[in-house]
Each structure stands twice: as structure tokens, then as C-alpha cells.
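Biologist: I have a structure open and would like to go through it. Can you take my questions in turn?

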Amino acid sequence: MSRIAIQCPPLGVSVFTGTLAEWKVQPGETIQKDQAILVIETDKVSNDVLASASGVIDDIVVQAGEVVEPEQVLGYIETSGTRSASASAPAAATATTNGKPISPPPASAAPATAVATPVAPPAAATPSSNGHAHAAASADGKPHRYTPRVRRLIREAGLSAPELGTIRGTGRHGRVTPADIERFLASGRVAEQAATTPAYAPLAAAPAPVATAAAPAPKPAVPIMSIPVPTGEERWTSERLSTIRRTIATYLRNSVDQAVHTVSIDECDVTALLALRKRLNAQVEQRYGLRLTLTTFIAKAVAMSLREFPLLNSILDLEAGEVRTAGHVHLGIAVDAPQGLTVPVVRYADTMGLVALQQEINRVAGLVRDGKAQLSDLQGATYTITNAGAEGSIASTPIINYPNVGILGVNKIRRLPVVRNDEIVIRDIMNVSACFDHRLVDGVYNVRFVNRVIGYLEEPASMLL
């Protein structure tokens, strides 16, 4: 007889929470392996979570409608075939999503046992399997995870496990950042902790000298603007905020908080591009049964330009002190779907010709509009493009699809008088808005990238070489 945990699966890059939308089973119900037992909604998609084993639903810990995080325990399966009130240790295998196993629950998630056991000292930080993060026990028993840079600071300062447990992480999900370590050292608490906790060995033999400067005062919390309450005399209607809209709001707020958004806007003469597209479509429609859209030419120009400007095809990880540059171009394409703006990913866009690119854009956009997109269809974009011109916008400042460091928005094409060779002529002009994360990308670098994109679009035949 064994009892295994049902855990929330990974939700995707930069997706930290979801909502448990529905339990498809009830406690005491017999289930089969790979049976869909619950639904989790996240950024515009719903995913079934499958049972990792046959058995009986023993307990439901999280109710429908509650917000959940990856690896959170949602319930338990009794694999003996009979429901048990006793709590044994969860097995290593847990629930799966889309047939993929997920990691076992942390030790803190195990059910309590009736036999008391001695409490061991907090564990010191040890290398993880991937070498990227460490885990150590904090004073409240919750695990900390450390980036390589933080681990180096810990080693250099010779911080002990009890000292680490007193440091409050201010990074994402409470992670301890290098600034937290430096602030702790500057506060002089190392010496105090070392004097009061001699039973624990330090992580390094020689502690670093400790400064005695006072710690900086914490920043005051940003007040939230109060929402006026309807008086009853005014005509208002109310409805509950949908999970998707709430996720979009949270996601965009996170992007604005994390990245330093800066935007440049330029003009692009697409007269030659529209003429070339018209000529090509006469052949492409007959041969492949589809039409090339303006978005496909833009995607092609962006993918080719990112090869020459790889910094815009990167991720900035300040906690790890790293810039990770992709050796491929996975383009996020913003789609106006019935459930809200959604960004499916066209993978390896830099390897495709115009026809293949059009076919793939049509495929992923169709999945989104039909509500059939899976999490995997929305994950892994390295750069994003969006088109606000379809609804008539002539300029826009799109928000970066974090953790991307850049996004390019195109706008309405207008017939405008412009000067060419000292003569006023009528041309098809489109404004291009390129937003970038100024922490990593300089303005001149972004402008050069945009000029390269514009160059391809103004001389579109160069994309066919």
C-alpha cells in the first residue's frame, strides 16, 4: 500500500502561478493510470493533469478555483486500491502532465507521522544535479535556492547554515540574491550569528571580513490606489475577472517590473514589399493553396536580422549574473484570439523559407484561435513580434514578452507623400516600434537592428537570396 502525491506540473517559462480550474474526480473514486484527473489553467491555456498510477483518490488538498504553483501538492492517490486514513511517505513518482513525469514533492510536503523524530540541524548548501542552484534549509524549514553567484558569495564569506536561514530573500519567489548576501554582511550580523551558533560548521574555512556599516532602510511599500465603491446611484455592472485576464494582468505587471522598457519608432517604406507579395501570391496560391501575409515577410526579416544582432535573441538572468544567447530563433507571434491576446511560438523561424514560415504561422495561429494550443505551443520564444496595424494603430509601444529582451511592433500602412530624389511621391509607409530591455541592450544596438529589419522590408528581394 502506498500513497503518492499529485503535484502541480511545470507551468512554463516565466509562468509562476496557475489556477486549479476543475477536479475531474472525487475522493474515494477509482482511477486508472494516465486518466485526466484535474485541469489547470494558466496563461491562456488549460491543461489536463494525468494520473501517474492507478488507484483511489485518497485526498484533495487544493480546491477548484485556488491559485497553485509548480510542484505544489494538490492531492494524494492511494495505489493499494483502498482508501487509507493513515499517512505514509509519498512515493518518488507523482502525477504527470501530457505523459511527462514531474519531480517528487519536497520533504516538507510529506504528511506528518505519529512518531516523533529528532530534529537535525539545518543542512548546508550543496551542489544540485545541474549545478545551477543549491538548496539549504532556512530557519523556518523552507528550502532556499541559490544561484552560482550567490553560492560563491556564501563560500567566500564562510556563512554557516544557521546564518543563511536568517537571510530573507528579496528575489523572485523569495530567492536570496547577491544583494541580500551583501546586505547581510554589511549589517554585521555574521559576527553575531557566529558567536551564538558555534555548533554549526561554516561552509568555508576562512570567513571574509565583515563591514560594520548599517543596513540600508527598506523601501516603503508602493501604495495601491483605492477603487471607488459604487454608491448605488450610478449605473455600473460587475463581473468576476476571468482567470485568463487576471493572468495577463499579472504577467504584464511582472514584465514591466523586471525589464527596463525603452522604445524606438521608425518609418518603413513597404511599397516594394507589397508589390513583391502581390506577384508571389499569384504563384504561391496556385502551388501551395495559401497566401503570403505581411506578417510572414516581417517574421522572415526579423529572424534574419536576429542572426546578426544576437544580443536581442538573449535572456538576461541577473540573479545568476548571466546572459544566455539562443543559437536559434523561436519567434513569438502575437495573435488576437477569442480568449485574449496569445503568443504562440514559431520554432526555428530562421531556418524557414517564406512558404514554410507562412504554413507554420497559420498552424500555430489556428491552434490558438481554435482553443487547442498546449503550453508547449506558447513556451520558448526568444523574440516576439506583434501587429497593431490591423485595427488602425499608427504607433505603439508593445510590452516585452519577458524574459525576452526585445519585441517589435508594426502598425497601419498608410499612403503618404514622401520625398524621394528631391521629389514628392506617394509611398506605402508603415511605422515600426521596437521595444527593448535597456538593462542589456543599448539604444544604438537596437536602432541598428531595426534598420536591418527595415532594410530587408524595403528591399524584399534580398530576403530571397
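**Salt bridges and burial**

Modeller: Start with R291, which is partly exposed, with a relative accessible area of 47%. Keep in mind that this is a predicted model.

Biologist: Which residue does R291 form a salt bridge with?

Modeller: R291 pairs with E285, and the closest N and O atoms are 2.9 Å apart.

Biologist: Is E285 buried or exposed, or something in between?

Modeller: E285 is partly exposed, at a relative accessible area of 39%.

Biologist: How far apart are R3 and D59 in their salt bridge?

Modeller: The side chains of R3 and D59 meet at 3.9 Å, N to O. The pair links distant parts of the chain, since R3 is in strand β1 (residues 3-7) and D59 is in strand β6 (residues 55-60), 56 residues apart.

Biologist: Why does R3 count as buried?

Modeller: R3 has a relative accessibility of 8%, and buried means under 20%. D59 has a relative accessible area of 30%, so D59 is partly exposed.

Biologist: What does R420 form a salt bridge with?

Modeller: R420 pairs with D269, with 2.9 Å between the closest N and O atoms. R420 lies in strand β22 (residues 406-420) and D269 in strand β14 (residues 261-269), so the pair ties together parts that are 151 residues apart in sequence.

Biologist: And which of those two is buried?

Modeller: D269 is buried, with a relative accessible area of 6%. R420 counts as partly exposed, at 32% relative accessibility.

Biologist: How many salt bridges are there in the whole structure?

Modeller: A search of the whole structure finds 14. As background, side chains of opposite charge can pair when their charged atoms come close.

Biologist: New topic. How many helices and strands does the protein chain have?

Modeller: The chain has 10 helices and 23 strands.

Biologist: What share of the residues counts as buried?

Modeller: Of the 465 residues in the protein chain, 43% count as buried.

Biologist: Last one: what part of the contacts comes from residues 24 or more positions apart?

Modeller: Such residues account for 63% of the contacts in the protein chain with a separation of 6 or more.

Notes:
Residues numbered from 1 in each chain as written. Predicted model: local features only at pLDDT ≥ 70, side-chain atom pairs only at ≥ 80, totals over all residues. Heavy atoms only, no water. Salt bridge = Lys/Arg side-chain N within 4 Å of Asp/Glu carboxyl O. Helix = DSSP H or I, 4+ residues; strand = E, 2+ residues; numbered from the N terminus. Buried < 20%, exposed > 50% of the residue type's maximum accessible area, 1.4 Å probe, protein only. Contact = heavy atoms within 4.5 Å.
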